[in-house]
Every structure is written in structure tokens, then in C-alpha cells.
Amino acid sequence: MERLQKFIAESGYCSRRKAEELITQGKVLVNNQIVTTLGTKVSGKEEIVVEGKLLTKEEKEYYLLNKPRGVITSVSDDKSRKTVVSLIDTDKRIYPIGRLDYDTTGVLLLTNDGEFANILMHPNSKVDKVYIAKLKGIINGEAITKLKNGIELDGRRCEKCRVKLRKKDLKNNTSTVEIVIHEGRNHQVKRMFEAVGFEVLKLKRERVGIFTVTGLNSGEYRKLSPKEVAIIFSLKNNK
Ligand code: URA
């Protein structure tokens, strides 16, 4: 059973907030009865009519995008910047799963399936998020150990994580570091490196769980296969 407004939003008819408005305005019928109570639960077997239109469940879609730099990870933008959703040719109400910064590149998944998104984002699902960070300066063992043990950000400690030095470029005074996290806090990777004294010059997400951008140029995307979707749903019990 799920809340009527959630069901309407997931059908792709409108946003959850708009659905709440329509319910309270008496524009939603469940089995021919007007329903104005927001907490009403439905199973999906009912006949639900919104503003005279019969709802059908929206088909779920799942995409993997190789996010380019200079695109915002959002459904819309008030400053009319290009969004990741605008790169994908679909009429479904898809949204990005988690966020990558405007200048971060690499693996980004998008869907209209809330359950799939929740599984991927939940830290208990232990989905690896592998980032490659190019840093200003040459990172040392002490900083790497601190990162591995979990840096405190905003008074809350990040989980322990894996960190590996991939390359030192003494000539240009930069280091390339691989970091694997399971959380998705705001600007987490940049802030973790900042906390140990290193500025991130470039950031790429190389892998999320089983997904990499192999075969996709920057800005290209593909649909996930049913098998890939099933693998993510199989993580559900860990959640
Ligand atoms: N951490 C960041 O700091 N930025 C990103 O885009 C992703 C993770």
C-alpha cells in the first residue's frame, strides 16, 4: 500500500506536491469516490482518476550517463543551465540518483523508479562509489591514513573508506588519488580532501557498484539491462 499522492506522482502525472493539491481540491477519484484526505493509502489495484484522466502506472526507465563537465545534476535549473535530464531523450519524469557537482564528470544513474534510487543511495546497500581526484600538491601517507579512518565533516564522522594513491606528478605538483565511499554527502569528496589540506582540481566518478562508463563518451548514455536492474534490487535486503 502506498500514499495516494505518491502513487499519482509515480504514475508520472505530476509532482507529489501538485498531487497533494489536486487531492485536497477534490480532483481525485478512487473507485469513483472523491478522496480529499492526504494520508489515503492505495494498493494500485483501484481505479484512480485525476482531473478526469484514468491513471496508469508509468513504465520504469533506468539510464547510465557519462556526465560531462558543466552540466547541473538536477531536473530543472532556475539559472537555465543545462541539466543532466535534458541530455536524455525520454518523455518519462526521470531524475538523477544522487548528485555530482557541476564540474564533476563520470557515472551518473537516472531513473523514475524511487525504490531503485533508494536502494542505490542507502549507505547500508554498501554500493561502492569510486572517485578519481586530481589534487593540487603531493599527498602524503599521513593524509591518506586520516582519510581512510573517516574524516569528520560538519560534526559527523564519514565512514572509513578505501584510498589509494594512483599517481604523483612532481613536475606539475599534482597527485591522482582513488577514493571509494558508500555515502553521498554534499560535496563529500572535495570536502574530505580539503579537510586534510588538499584542493581537488578535477573529480571523476569512475564507478558506482557494477556501473562504469566503459563504451560511453562524455555526454553519452545507455539504458540499463534488465539483469543490471535486477542486481540492484537484489541488494534490497541489505538496506
Ligand atoms: N563529492 C564531491 O565533492 N563532488 C561530487 O561531485 C561528488 C562527490
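A residue counts as near a molecule if one of its heavy atoms lies within 4 Å of it. This is a predicted model, in which local features need pLDDT of at least 70, side-chain atom pairs count only at pLDDT 80 or more, and totals for chains, interfaces and linings use all residues. Residues are numbered from 1 along each chain, and side-chain values use heavy atoms, leaving out hydrogens and water.

**Exercise 1.** Find which residues surround the ligand, and which backbone atoms approach its oxygen atoms.

*Solution.* Start with the surroundings: Leu-100, Asp-101, Thr-104, Tyr-131, His-187, Gln-188, Val-189, Lys-190 and Leu-203. Next, look for polar contacts (pairs of N or O atoms within 3.5 Å). A polar backbone atom of Asp-101 is 2.7 Å from a ligand oxygen. For Lys-190, a backbone N or O atom lies 2.9 Å from an oxygen of the ligand, and for His-187 the distance is 3.1 Å. Finally, check the cover: the ligand alone exposes 240 Å², of which the protein buries 97% (Shrake-Rupley method, 1.4 Å probe).

**Exercise 2.** Work out why strand β7 is largely enclosed.

*Solution.* First locate β7, residues 62-67; strands are DSSP runs of E with at least two residues, numbered from the N terminus. Now recall that side chains in a regular strand alternate between the two faces of the sheet. On one side Tyr-62, Leu-64 and Asn-66 are buried, and on the other Tyr-63, Leu-65 and Lys-67 are too (buried means under 20% relative accessible area, with a 1.4 Å probe and protein chains only). Six of the six residues are buried, so the rest of the structure largely encloses β7.

Definitions and conventions
Buried means under 20% relative accessible area, exposed over 50%, partly exposed in between (1.4 Å probe, protein chains only). Helices (H or I, at least four residues) and strands (E, at least two) are DSSP runs, numbered from the N terminus. A polar contact is a pair of N or O atoms within 3.5 Å; within protein, one must be able to donate a hydrogen and the other to accept it, and residues adjacent in sequence count only if both atoms are side-chain atoms.
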